[in-house]
Amino acid sequence: MTRVLIVDDEPDILLMLRVNLEADGFETALAADGETALKRIGEERFDVVLLDVMMPVMDGWGVLQGLGGDADAPRVIVVSAKSSDRDVLRALELGASDYVKKPFSPEDLSALIAKLAAFSPDQLDAHRLGVMS
């Protein structure tokens, strides 16, 4: 079963994502800030992390920097209201696998999680290059 860590400071977003993803067969865990997310990633195994950018304590940029492109790190999908091309490029350069802009379709997000979790490293690299262009 694909394990997904949902990282967002908005309780309603956490709940909505958890309910939708669990209904689609994913196992979920939650973190309300980046510091908690990095701690959980260090202690548990996750296949995919859904990561908001704008959060207290440590923002999503700090989480991406903390993961530092580690080959064993989970695949990260940034899910953010920040929608400029500059933000998308920054996230991908920091190691994110994809970037989803709020508002989003829960069905499309579930499909993206399943796809990224199944990708080989080469497929993931090709996907990231496609998102960057």
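This is a predicted model: local features need pLDDT of at least 70, side-chain atom pairs count only at pLDDT 80 or more; totals for chains, interfaces and linings use all residues.

Reader: OK, and where does aspartate 70 lie?

Author: Aspartate 70 belongs to the loop between α3 (60-67) and β4 (75-80), where helices (H or I, at least four residues) and strands (E, at least two) are DSSP runs numbered from the N terminus. Its C-alpha is 8.7 Å from that of glycine 95, although aspartate 70 and glycine 95 are 25 residues apart in sequence.

Reader: Switching topic, how many salt bridges are there?

Author: The count comes to eight salt bridges, taking a salt bridge as a side-chain nitrogen of Lys or Arg within 4 Å of a carboxyl oxygen of Asp or Glu. One of them pairs glutamate 27 with arginine 3, whose closest N and O atoms are 3.0 Å apart. This pair links distant parts of the chain, because glutamate 27 is in strand β2 (residues 27-31) and arginine 3 is in strand β1 (residues 3-7), 24 residues apart.

Reader: Is arginine 3 buried or exposed?

Author: Arginine 3 is buried, with a relative accessible area of 15%, whereas glutamate 27 is partly exposed at 33%. Arginine 3 also meets the side chain of glutamate 44 in a salt bridge (3.3 Å, N to O). Glutamate 44 lies in the loop between α2 (34-43) and β3, and arginine 3 in strand β1, so this pair ties together parts that are 41 residues apart in sequence. Glutamate 44 is partly exposed, with a relative accessible area of 26%.

Reader: What about lysine 102, which residue does it form a salt bridge with?

Author: Lysine 102 pairs with aspartate 52, and their closest N and O atoms are 3.7 Å apart. Lysine 102 counts as partly exposed at 22% relative accessibility, and aspartate 52 counts as buried at 4%. Elsewhere, salt bridges that share partners join Arg3, Glu27, Arg40 and Glu44 into one network.

Reader: And the bond between lysine 102 and proline 103, what kind is it?

Author: A cis peptide bond joins lysine 102 and proline 103, with omega about -5°, and proline 103 lies in the loop between β5 (98-101) and α5.

Reader: Last one: how do α5 and α6 cross?

Author: The axes of helix α5 (residues 106-118) and α6 come within 8 Å and cross at roughly 135°; axes are lines fitted to C-alpha atoms, for helices over the stretch in contact, and angles run from 0 to 180 degrees between N-to-C directions. The two helices are therefore oblique to each other, given that angles under 35 degrees count as roughly parallel, over 145 as roughly antiparallel, 65 to 115 as roughly perpendicular and the rest as oblique. Leu112, Lys115, Leu116 and Ala118 of α5 make the contact with Gln123, Leu124 and His127 of α6, contact meaning heavy atoms within 4.5 Å.

Definitions and conventions: Residues are numbered from 1 along each chain as its sequence is written. Side-chain values use heavy atoms; hydrogens and water are left out. Buried means under 20% relative accessible area, exposed over 50%, partly exposed in between (1.4 Å probe, protein chains only).
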